[in-house]
Amino acid sequence: MDARPNLDPAAFFDEAYPQVFRFVASLSGAPAGDVDDLVQESLLEAWRGRASFQGGSSLLTWILGIARRRVLGRRRSTARREEVLRALR
């Protein structure tokens, strides 16, 4: 990936998607549909926040950091939901 986000959102998405998908799939162990959702959310967040990318790391590393936070957030949310359901039983 280039050091700066491409100005074309489709090209940005197409270039990053395969690597981010593999990363999220291996980190989350989630079904492909959930992985796809997490990847899309991560890439959308990266695209919207592209002006904040300062180049201190590679663009891919920055995007993977966003994806990692998304995965961990999803895990926390799922754990809370399961905890509430157990308490209701």
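This is a predicted model: local features need pLDDT of at least 70, side-chain atom pairs count only at pLDDT 80 or more; totals for chains, interfaces and linings use all residues.

Glu41, Glu45, Arg70 and Arg74 are joined to one another by a network of salt bridges. Side chains of opposite charge can pair when their charged atoms come close. In the whole structure, a search finds three salt bridges, and they may be taken in turn.

Arg70 and Glu41 form one of these salt bridges, with a distance of 3.5 Å from N to O. This pair connects distant parts of the chain, since Arg70 lies in helix α3 (residues 59-88) and Glu41 in helix α2 (residues 32-48), 29 residues apart. Arg70 has a relative accessible area of 30% and is therefore partly exposed. Glu41, with a relative accessible area of 30%, is likewise partly exposed.

Glu41 also meets the side chain of Arg74 in a salt bridge, at 3.2 Å from N to O. Here too the pair links distant parts of the chain, with Arg74 in helix α3 and Glu41 in helix α2, 33 residues apart. The relative accessible area of Arg74 is 28%, so this residue is partly exposed.

Arg70 in turn reaches Glu45, and their side chains form a salt bridge of 3.0 Å, N to O. Distant parts of the chain are again linked, as Arg70 belongs to helix α3 and Glu45 to helix α2, 25 residues apart. Glu45 is partly exposed because its relative accessible area is 31%, a value that lies between the limits of 20% for buried and 50% for exposed.

Helix α2 also packs against another helix. The axes of helix α1 (residues 9-28) and α2 come within 8 Å and cross at roughly 130°, so α1 and α2 are oblique to each other. Their crossing is right-handed. On the side of α1, the contact is made by Pro9, Phe12, Phe13, Ala16, Tyr17, Val20, Phe21, Val24, Ala25 and Ser28; on the side of α2, the contributing residues are Ala32, Val35, Asp36, Leu38, Val39, Gln40, Leu43, Ala46 and Trp47. By class, this contact of α1 with α2 comprises 16 nonpolar, two polar and one charged residues.

Helix α1 meets helix α3 as well. The axes of α1 and α3 come within 10 Å and cross at roughly 45°, and these two helices are therefore oblique to each other. In this crossing, α1 passes α3 in a right-handed sense. Phe12, Ala16, Gln19, Val20, Phe23, Val24, Leu27 and Ser28 of α1 make the contact with Leu59, Leu60, Ile63, Leu64, Ala67, Arg68, Val71 and Arg75 of α3. The residues of the contact of α1 with α3 fall into twelve nonpolar, two polar and two charged.

With neighbours within four places in sequence left aside, Ser28 is in contact with Val35, Val71 and Arg75. The C-alpha atoms of Ser28 and Val71 are separated by 6.3 Å, although the two residues stand 43 residues apart along the chain. Ser28 counts as partly exposed because its relative accessibility is 22%, whereas buried would require a value under 20%.

Methods: Residues are numbered from 1 along each chain as its sequence is written. Side-chain values use heavy atoms; hydrogens and water are left out. A salt bridge is a side-chain nitrogen of Lys or Arg within 4 Å of a carboxyl oxygen of Asp or Glu. Helices (H or I, at least four residues) and strands (E, at least two) are DSSP runs, numbered from the N terminus. Buried means under 20% relative accessible area, exposed over 50%, partly exposed in between (1.4 Å probe, protein chains only). Axes are lines fitted to C-alpha atoms, for helices over the stretch in contact, and angles run from 0 to 180 degrees between N-to-C directions. Angles under 35 degrees count as roughly parallel, over 145 as roughly antiparallel, 65 to 115 as roughly perpendicular and the rest as oblique. A crossing is left-handed if the near helix is turned anticlockwise from the far one by less than a right angle, and right-handed if clockwise. Contact means heavy atoms within 4.5 Å. Ala, Val, Leu, Ile, Met, Phe, Trp, Tyr, Cys and Pro count as nonpolar, Asp, Glu, Lys and Arg as charged, and the others, Gly among them, as polar.
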